[in-house]
Structure formats: C-alpha cells, structure tokens
Amino acid sequence: MFKTLKERLQQGHRTSSWPRGPAELPGRFRGLPVLDASRCRTGCRACADACPTGAIQLAPLRLDLGRCLFCPVCQESCPEEAIRFGGDHRLATRRREDLETRSDAGELRLARALDGKMRRLFGRSLKLRQVSAGGCNGCEAELVALGNVVFDLGRFGIQFVASPRHADGLVITGPVTLNMRRALLETYDAVPSPRIVIAVGACAISGGPVAGATASSDGVGPLLPVDLFVPGCPPHPFTLLDGLLRLLGRLESGHRS
Amino acid sequence: MNPADQAAVAAQGGEPRRIEMGSIATHDPSAFSESCVSLCRGGARLSAMLTIPTPAGADVIALLLRDHEGRARLLRMQVAAGGEYPALTAHLPQAQAFERELFEDHGIHPVGHPWLKPLRRHAELEGTVREDRTVPSPGSGAAWPGPSPRALRHPFLVVEGSDVHEVAVGPVHAGIIEPGHFRFECHGEEVLHLEIQLGYQHRGVEGLMTRSSEARRLVVAESVAGDSVIGHALAHCQVVETLAGAEPPMRAQVLRGIALELERVANHVGDLGALCGDIGYLPGASYFGRLRGEFLNALMEISGNRFGRGLLVPGGVRFDIPEDVRRDLLARLETVERDFHRTAELVFGTQSVLARFEGTGVLTEMAAEQLGLVGPAARASGCDRDVRRDHPSGVYRFAYIPPAVAADGDVLARALVRRLEVERSLTFVREQLGALPEGPLRVPLGAPAGDCLAYSVVEGWRGECAHLAVTDAAGSVAGYRIVDASLHNWFGLALAMRGGQISDFPLCNKSFNLSYAGHDL
C-alpha cells in the first residue's frame, strides 16, 4: 500500500491544461491544411493526381477535409508550396459541406453549438455509445485515449456508456461495412430521442482510405443524420475534444482564425 | 526435390524475395495437400495462402515458413472452378481459416474440412448487398456467386444438458471496441465452449489492393489494422520494393525499425494498462494508459501522426530524425522508460494483480503450435518464433532483439512477454537512435517486375504481418494477400477460454488483443 501511494505521488498530475491552456502538439503534427491558390501553376494537377483519396479539387484549389487522410502526399507533390499542413487541430464541423477548405480563409465554419433545447439537455452531461462499423481501430483507439488521465473526457461531463438505451447519441467510426449496417441501425433505433450522431474519422465521413471498397458503404451520411463531423485519420484526441465541446457550446464557435 | 521445386525455395536469411511465377512448380491438388502436410509435420507452418482466379478455376499458392532454419517454401496448385482437393485442416488445424476463405471466396471445396463455416459471410447477413463477390478479379472469367444459403446457415455448436446455458455477445459490445460475435456455451460460470464469429468488419481491403494506384494501396495497407500502421505499411513497402528490385537506404531501414518498435511499445504498454483496467487495478490502468500516449507522441514527433501514418513509403521513409529531435527523443525516452519500469514493478509486484493474471486463460504450447499462433500470444505459450530473428529483413538483419518467451500460456505469461518486449524494444530504439547511419531517406523505384510473386513478413506488435503480391505480365498487381496475425490467433483465444470462467473473458480477450478489422479485411 505504501509503495502504491509513493508511486502515486511520483506520477504527479498529468491532465492536460487544455482548454484553458494550449493543446500541446509537436511541430510536425499535421492539422488543418493551409491552401494558397495564388501559387498554383496554370494547368498543374500534381496535388490532385497524387492524393490517394481524391480529396483535392482544382480551379480553384480546394480540399475536402472529409476525405483527407492528413497524409503528406499533396504537400510533397506541390512544386509551389501551395498546400501545407498547419498545426491547427480544430477541424470539426456541423455540416458536411463545411469540411471543404479553400485558400480564401474565413469562409470555414467550425462546429456551431446545438440549439437551445438540445443544449439544455446535453450541455452539461452527454452520454455516448460508440459503434465501430468497419473502423480499423485507429479512431477507436483515439476515442479510448480520451478516457486516459491526459485528456480525461469525464471532466467535461461526457462519458461513453455501455448501452444505447443509456446514451444520448452515437459516435460512429468506420465506413459502415455491409455486415455492420443492420447492427448500426438497430443500435441507433435503441437510442432514445432526441439523439445525436457523431461521425468520427475519414472512413465514417467519406469512406476515407477504403472509399469504394466493395463490401462497405462510403460513410454514415447516407444512412443517418449526422450532427458532428470530426475529420482525421484518425483525428487527434484534441480534435475530438474540440468538436465535442463546440457541439455542446462549451467553446467559442465561429470561424477558423 | 526437383529443380523447379528448388527454384521455389525462396528465402535464405528471411529476405523478402521475388520469384518468377513460372518457376513455382504447380502440383496437382492432392500432391499439394500432401506436401503442405508433410512440410508442416517437419516443422514448417502455414503463413499465408494466396488465391488468384484464372479462367479455368483458381491458382492457389501457399507460403510456408520454416522458422528454425529461416527458410520459406512456396507450394502451388491449380484447381478447376468449383473443384475440390483434400483439406489440409483435417491434419493441420492451422489451415482452418485459409480453407474456409478459399471455400467462401472461390467455391473451392476442401474435402474433409471439419468446420467449413464461412469466415466473413453469415446467414443472418444475407439479403444485404454482397456485390463484392460479384466483382470479377483480374484474369477470371465468371465470378463465383458465393456459398449456397445452406452453407451459410452453418449453426453454432450447441452444448445440451441440464443447467447448460448460452450467452451471446456482440457484434456491438459494451466498450469502445470493434464488432464481433461471441457465443459461449456455459455450465454455470464455466465456459465449455466459445465460438467466435467475425466478419462484421469486412470492408474489401484486398480488392482495393488489386484495383488501386500505389498511393492508395499504401494508405489501405496503413488501415488494415489501425494500431499496426507501421507493421502493415512496412510489409507492403517491402513487397513493392522487392517487385521493383530496390533496396531502401540504410538510414531509412533504421528509421523504419525504430518506428516499428515504438509501435510495439505503445501497444504493449497500452494493453498492460487495459489488463489492469479489466481487473479493476486503477493505478496500473492510469499510469500505463498515460505512458502509452508518450510513445504515440514519440511516433508523432517523427511522422506527424500518433500512429506513424505517412512515415513509410516504398523506397524508404518520408521523414528524417534531425539531430535536435534525435537528442530530444533520447532524453524523453529515458524518462518514460524509467516511468515504465517503476509502473511495471508496481503492477507485477502487486499480489492481487498476479492472483487475477495467473492461471487465467491458459493456452497450451501444443494448442498454440497446432493452431499456428504467432507473435507474443505464441511466445507466451512457449512457441519460440519471432520474424525479427527467424526471417529478418531491413535493420533486423543487423540488429538482434532477443525474443521474449514464456511457458505458462496464461494471462500472466502474455503480460510478462509484453513487458519483456517493451524493455527489449526500448533498448533497441535507444541503440539505434544513438548510432543513426548517415545517408539518404529514399531511393526511386523502377517498374515492378512482371509475372512475379513477392512476399514479405514483418513481426508487427501483434505478430506476423504477411503480404504477398503477384504481378501480371505488365507488372500490374493481379493478386494481393494480406495476413494479419489475428487470422492465426483468434482461434487461440477461443481455446484459452475453455474451462475458464465467463467473467474472465474480457481479461483473456485483452491479453490477446486481436484485430477484428485485420482479420476481416
């Protein structure tokens, strides 16, 4: 017992100071891509051709965060540095179309808070049920990490629960395999209304790396009404926290800086 | 051995190799079965089976590894569409999943298979769209429509008797975990039999590997199992490099090794924490849980992603470790390594922890051997096999990490093997970071060779990641096979539960921590 207490003291306090303090991320972290279409060479398609998931559209240059894996391929392929990954971890949006980034910044809307009634219901206590529907365990692992002492999801009144009957909403990962479709829909039906749906990761939003795979759909969108999209492959735990707290109106909403 | 067979003897020293398809002797189905069985009785094991549909039927190639000699054998048979051959599984339980796959994907019937239950298709899922089975693979004529509805309604084994009851769990579980269905036959608390039915995570990954661009193949490989990004990306890159006849620069090989070991450490540490969580020992759960993040963050420091996505690329690596990052990483690893030792001392010195781990979920060496288990789960049952030593590639040809082997096959053994592997991997990482070779990070790749087979095996944190690719005359990928350690190991978990208590299932499950997506693909 003495050893246990001594070790407890040595371990110290490890919980991140975020959101009061900064989200501590290393310089190489690939967050929100920064686009500068004015640098594009006429007729150049290097980034769009190189992107493994077809996330990039040209004329004008725009990038769909819902398809983006945040891999370095586009940045690497661009001869003019028109695309580079910045360090901003705030990526979650309420609407699918808000995930499109363009070079004229300020157009993009981070997730707005739920409306009055939903916010009154869930704002201080949100219980979520997670369903992996073809997720590779990357997004799932980061959702588990939210519960560790560093991110400590519980301090915000958000908790993952075992039964959909106890949940206020679903957190869905994976492209929705055909074999999980029924189980997912039945789980959704088991969540009492009003309920929310959160799509986490590129697979759940667009199929991501496995878009077009023959045994799965390309995301949750066509099946269920999604209230929050959290892009990434997988999203960093801070990206997840940011999205959840914005949804609950616990962080300032608005445009990306 | 005839000359064609000798040509098929693929690897010496475990190098990923390229073999011309024409030089792989084709056996008739019964000779193929006999050879597989006799090789495995002589100490080989079945690592992977690749099937390429042909106009006449299917071309089946088995990769057998002889761990004790560091050699590989390829055996090949051609079977007519809808044809049959004597099942390997009748003699080699380790072939069970491969043959069930062969049956459900290609309609080839392994005669005498004791349990020909579909691996990824279930009766209750029929009626949902299954267009994946109707996409003709390259080279094939008509597509195999899939097993008959009768074959799909393969019932669960049911135990009958007074006081016997059945518990069905999943596919949606209580925690944040991938889906799978577990059917327990119990007498009171005691589990008489556990049947594991997977397939819910089946996405169609191997189809993407044959249909896609190389850039796409790489991100698909990274997504086979999201906690084994480096393991599968490395196996994939080595296959592509082998097909192109390229060797990545030494600095890249060392950086790949560092990333693979950091991935191993992060997962093992996380699992040790989760094991503590499952028995309600919260100090271990909290401290190991936090430490896992430190190792993921080290991977992010190098690659920009907590799981190392984007680091590997055919021909080398994308990111370097510059001098300041190298020094920073070494200093940081020293601190977290010390924290790991202290936490491990605390956990493994706590009697209530040991009492719960010891004797729980025992898998005997004989069972592990017969089922062809790989990775830490095999080593914890006394099977001394580790791809890094037995079939080394990349930096492992020059640096030796002693495999961690235990004898008891229980949860404690699996935990202790993880602990030892963490310590040895960290020693390796420190040594490699201390002496990074100079040089470039990438070499350009030429065109892949046509009409060739290339394979690569990597010791991922969960065990062997095997990738096989076959090219057509133009060098395009005509067939691609991915075998995650989980395909070998799931049956081990089912057997480990026999005679145990059903309430120990979460603990046993976590001690194996197998991938659902990696199994279902």
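Start by selecting Pro194(A): this residue sits in the loop of chain A between helix α6 (178–190) and strand β9 (196–200). Helices here are DSSP runs of H or I with at least four residues, strands are runs of E with at least two, and both are numbered from the N terminus.

A word on what you are viewing. This is a predicted model, in which local features need pLDDT of at least 70, side-chain atom pairs count only at pLDDT 80 or more, and totals for chains, interfaces and linings use all residues. Residues are numbered from 1 along each chain as its sequence is written, while chains are lettered from A and ligands numbered from 1 in the order in which they are written.

Next, go to Pro19(A), in the loop between α1 (2–11) and β1 (33–35) of chain A. The bond leading from Trp18(A) to Pro19(A) is cis as well, with omega near 10°.

Why stop at these places? Most peptide bonds are trans, and most residues other than glycine have a negative phi.

That brings us to Glu81(A), a non-glycine residue whose phi is positive, near 55°. Look for Glu81(A) in the loop between α3 (73–77) and β4 (83–85) of chain A. Glu81(A) counts as exposed because it has 10 C-beta neighbours inside 10 Å; the cut-off for exposed is 12 or fewer other C-beta atoms within 10 Å, buried means 20 or more, and partly exposed lies in between, with C-beta atoms placed from the backbone.

Finish at Asp152(A), in the loop of chain A between α5 (138–145) and β7 (158–160). Phi of Asp152(A) is positive, near 45°, and the residue is partly exposed, with 14 other C-beta atoms within 10 Å.
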